[in-house]
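User: I have a model open and want to go through a few spots in it. Can you take my questions as they come?

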Amino acid sequence: MESPWKPYLKENILDPYPMYKALRDYEPIHRARTGEWVVTEYEAARSILKDSRFLVGNRAAWLEKASTQHLDKWESFSVIVDALKSFVVFKNPPDHTLLRKFIMQAWNNREVDAIIKGNIDAIFNTLDPTRFDLATELAAPLPAMTMTKILGLPIEDYKYLENLSHEMIHSLDLYLTFRQIERMKNATEEFAAYFEKFAADKLKNPDDSLLSRLVHLNKDQQIPHHELMGNCFFLFIAGEETTAGLIELGLYHLILNEELNKSFQEQKIPSLATEELLRFDSPAQIVVRIASEECEIARHKFEKEAAVTICLGAANRDPGKFERPDELILDRTPNHHLAFASGIHRCLGDWLAKREFEILLDELTTRFNRFELLSQPVWKENLNMRSLRSLYISCR
Ligand code: HEM
């Protein structure tokens with residue numbers, strides 16, 4: 001049988017779940033034609049994520065490879081490579097352990113609910129609730145505004161930062177064009193200059209923001225300064241497109257499904273719903289790892305340096321783990337999904353993404369009692385990050 005793994009086909013990017021199912025049935029740990037292993041089974045995915053022999057992929061080396069056709073331009077790519085190397089998500093222990101602990105130490109949950117609520121008010125002050133684009137007018141600005149405020153940056157800059165973030169998010173793509181790499185390079189330089197300026201300002205005028213706490217905590221340069229700056233903009237990127245995905249996919253499924261829409265309108269959405277929506281259609285679909293040594297896991301032998309593509313979205317629909325996996329069961333429990341991955345790199349901002357979505361649901365049901373889809377969803381064509389380009393909805 002021909003391999004069902006065809007991540008480049010548009011139909012699979014728009015709806016990867018049939019491909020995942022075929023792949024799980026065919027070979028849950030599958031060697032792709034391009035050489036990497038593709039994992040679609042829950043237990044194998046979770047075991048690899050929790051196994052210290054699997055390291056985060058060396059994105060920089062990979063990017064270097066991707067740009068071999070453009071060697072004359074390589075000099076300019078080093079800016080991106082350096083930034084990527086500093087991101088906590090691409091670091092391995094012991095550096096990862098130190099950096100993750102450092103970020104968590106600076107993080108302050110106080111006032112987050114008030115920030116989110118204020119941003120929702122500001123968004124609804126300017127849009128027409130009877131017809132608006134969920135993706136561009138609500139789902140994208142809410143997390144961008146929230147991260148801007150949490151970091152302590154001027155709120156009017158959120159759109160600028162959001163645009164830079166959209167260029168940088170391509171660093172997670174499986175395949176990149178030269179044009180994308182060039183735009184990522186420009187975005188990296190702009191991000192770095194922007195955060196440099198505000199970090200200097202926070203050093204002189206401290207406040208309770210995340211950026212201020214990070215730069216003050218690092219006065220003794222425990223983390224090299226350029227690495228800290230890289231992680232400041234990584235936090236913005238990590239908290240933005242993923243949460244937008246949750247808002248888009250979550251609301252889309254709630255409104256599309258008649259029964260759920262009725263519960264939504266009647267304010268009967270269970271508190272467990274966010275977890276189930278994350279499981280059912282996960283915004284982050286793929287993470288990658290590299291085997292640091294030959295090892296056996298889930299009855300499977302991985303060679304040293306094996307590259308592994310872990311399909312979180314597929315693991316979250318594995319019937320071996322979840323009963324009736326293709327159904328949205330809002331009060332599903334237990335629900336140990338992998339939407340935020342697992343192990344040492346498990347998402348650091350899961351609580352924030354969930355708060356944004358839950359407060360939004362609350363606000364929507366308080367303000368309105370009828371929700372309708374006014375258009376078909378237009379998907380962003382990215383298998384790694386599942387989100388919408390546009391979807392018109394109405395709230396009355
Ligand atoms: C629904 C929204 C979100 C989803 C689906 C999501 C998903 C993920 C996933 C799958 C990973 C693991 C990557 C890997 O193992 O290679 C991750 C890591 C991370 N996420 Fe999130 N994320 C979300 C929201 C956020 C938010 C709001 C923040 C806050 C800034 C954030 C910050 C991070 C950070 C810092 C890491 C790296 C952690 C580490 O490497 O130790 N994420 N996220």
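User: Is A341 buried or exposed?
Analyst: A341 is buried, because 21 other C-beta atoms lie within 10 Å of its own and the cut-off for buried is 20 or more. Keep in mind that this is a predicted model.

User: Where is A341 in the chain?
Analyst: A341 sits in the loop that runs between α16 and α17.

User: What about the phi of A341?
Analyst: Phi is positive there, about 65°, although A341 is not a glycine.

User: Prolines now. Which residue is joined to P334 by a cis peptide bond?
Analyst: T333, and omega of that bond is about -5°. P334 is found in the loop between α16 (312-315) and α17 (350-367). A341 lies in the loop between α16 and α17 as well.

User: What kind of peptide bond joins P93 and P94?
Analyst: A cis one, with omega about 5°. P94 has its place in the loop between α5 (74-86) and α6 (95-106).

User: Switching to the ligand. How many residues surround it?
Analyst: There are 22 residues around the ligand, and the closest are G239, T242, C347, G349 and A353. Two or more residues of the shell come from each of α13 and α17.

User: Which element gives the largest share of that shell?
Analyst: α13, with six residues.

User: How does the shell divide into nonpolar, polar and charged?
Analyst: The shell around the ligand has 16 nonpolar residues, five polar and one charged.

User: Last topic, the sheet. What is the strand order in the open sheet of three strands?
Analyst: The order is β4-β12-β9, and the pairing is antiparallel. β4 (132-133) and β9 (371-373) are the edge strands, each pairing on one side only.

User: How many bridges are there between β9 and β12?
Analyst: Three, in the antiparallel sense, with β12 covering residues 392-395.

User: Which residue in β12 is the bridge partner of F371?
Analyst: The partner of F371 is C395.

Notes. Residues numbered from 1 in each chain as written. Predicted model: local features only at pLDDT ≥ 70, side-chain atom pairs only at ≥ 80, totals over all residues. Pairing = 2+ DSSP bridges. Helix = DSSP H or I, 4+ residues; strand = E, 2+ residues; numbered from the N terminus. Buried ≥ 20, exposed ≤ 12 C-beta atoms within 10 Å, placed from the backbone. Near = placed C-beta within 6 Å. Nonpolar A, V, L, I, M, F, W, Y, C, P; charged D, E, K, R; others polar.
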